[in-house]
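Keep the structure in view as you read.

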Amino acid sequence: MDKASFFLETSQELRRLFDKAFVSQKLNAGETLFEQDEHDDRLFVLDKGLLEVSVYSASGRKHALNLLRPESVFGEIAMFDPGPRTARIEAVEDCQLRYIRQAALIAEIARKPHLAAELLSLAGKRMRWMSQQMEEQVFLPPAPRLAAKVLYLAGDTGEIGMSQAQMADYVGVTREVVSKILSEWRREGIVSLSRGRIKVRDSEALERLKNFNPD
């Protein structure tokens, strides 16, 4: 399971709420679900497809944060603090989603208050995951940071359908840096590379690289 997809960890009762109260929505590849700083009060579940989460600096530089896979729950911040979205979400593939607006969710919680604790737990897990991503971004040098991202994005399949320029957006370095590191890993048999695709050959080596501490 995707480490940032918390839907499978919810109770059957919360799952039934998602099935009953959520509204279906389709999104075509390349379409934007919402923009960073756009006001939106919906909580989403991704049933099919792939979504990219990214943020932009004041100068317009993009930094990709995550790829959301099916069974991801996202947008929970708007449930507790309606306001501008903290990131941009764009469909990488055709997507099928469901959503519930804050007012409808609050009405359900009023009837079943214990559901609030589960939603808070989901939000807490998201915050913990985001904190880990920020620590990697700030403290890890490029190679361990790239190793961590490759392992995360490859998931159970061991493959990433992504260009080296796109990977650079996730790691927060230049494409040249990503290209140099991946080329070294290919020579060492850690990954194989093809156009727009990275395949993990030695996940244990990537784990060692991810946990490398130069101190």
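Q: Why is R101 called partly exposed?
A: R101 has a relative accessible area of 40%. Buried means under 20%, exposed means over 50%, and partly exposed lies in between (1.4 Å probe, protein chains only). So R101, at 40%, counts as partly exposed. This is a predicted model, where local features need pLDDT of at least 70 and side-chain atom pairs count only at pLDDT 80 or more, while totals for chains, interfaces and linings use all residues. Residues are numbered from 1 along each chain as its sequence is written, and side-chain values use heavy atoms, with hydrogens and water left out.

Q: What makes D41 and R101 a salt bridge?
A: The closest N and O atoms of D41 and R101 are 2.8 Å apart. A salt bridge needs a side-chain nitrogen of Lys or Arg within 4 Å of a carboxyl oxygen of Asp or Glu. The D41 and R101 pair forms such a bridge. D41 is partly exposed, because its relative accessibility is 22%.

Q: Where do D41 and R101 lie in the chain?
A: D41 sits in the loop between strand 3 (39-40) and strand 4 (42-48). R101 belongs to strand 10 (residues 95-101).

Q: Is R98 buried or exposed, and how do you know?
A: R98 has 12% relative accessibility, so R98 counts as buried. R98 forms a salt bridge with D47, with the closest N and O atoms 2.7 Å apart. D47 lies in strand 4 and R98 in strand 10, so the pair ties together parts 51 residues apart in sequence. D47 is partly exposed, because its relative accessible area is 34%.

Q: What makes strand 4 and strand 10 a pair?
A: Two strands pair if DSSP finds at least two bridges between them. Strand 4 and strand 10 have six bridges, in the antiparallel sense. F44 stands opposite Y99 in strand 10. Strand 1 (residues 23-27) also pairs with strand 10 in the antiparallel sense, over five bridges. There, the bridge partner of S24 is R98.

Q: How do you know that K199 and E159 form a salt bridge?
A: Their closest N and O atoms are 3.4 Å apart. K199 lies in strand 13 and E159 in strand 11 (residues 159-160), so the pair joins parts 40 residues apart in sequence. K199 is partly exposed, because its relative accessibility is 24%. E159 is partly exposed too, because its value is 30%.

Q: How many salt bridges does the structure hold?
A: The structure holds twelve. E35, R88 and E90 are linked in a network of them.

Q: What makes a set of residues a nonpolar core?
A: The residues must be buried Ala, Val, Leu, Ile, Met, Phe, Trp, Tyr or Cys, joined through side-chain atoms within 4.5 Å. The largest core has 28 residues. Among those touching the most other members are L146, V150 and W185. Helix 5 gives the largest share, seven residues. A second, separate core of 16 residues includes F44, L51, V53 and C95.

Technical notes:
Helices (H or I, at least four residues) and strands (E, at least two) are DSSP runs, numbered from the N terminus.
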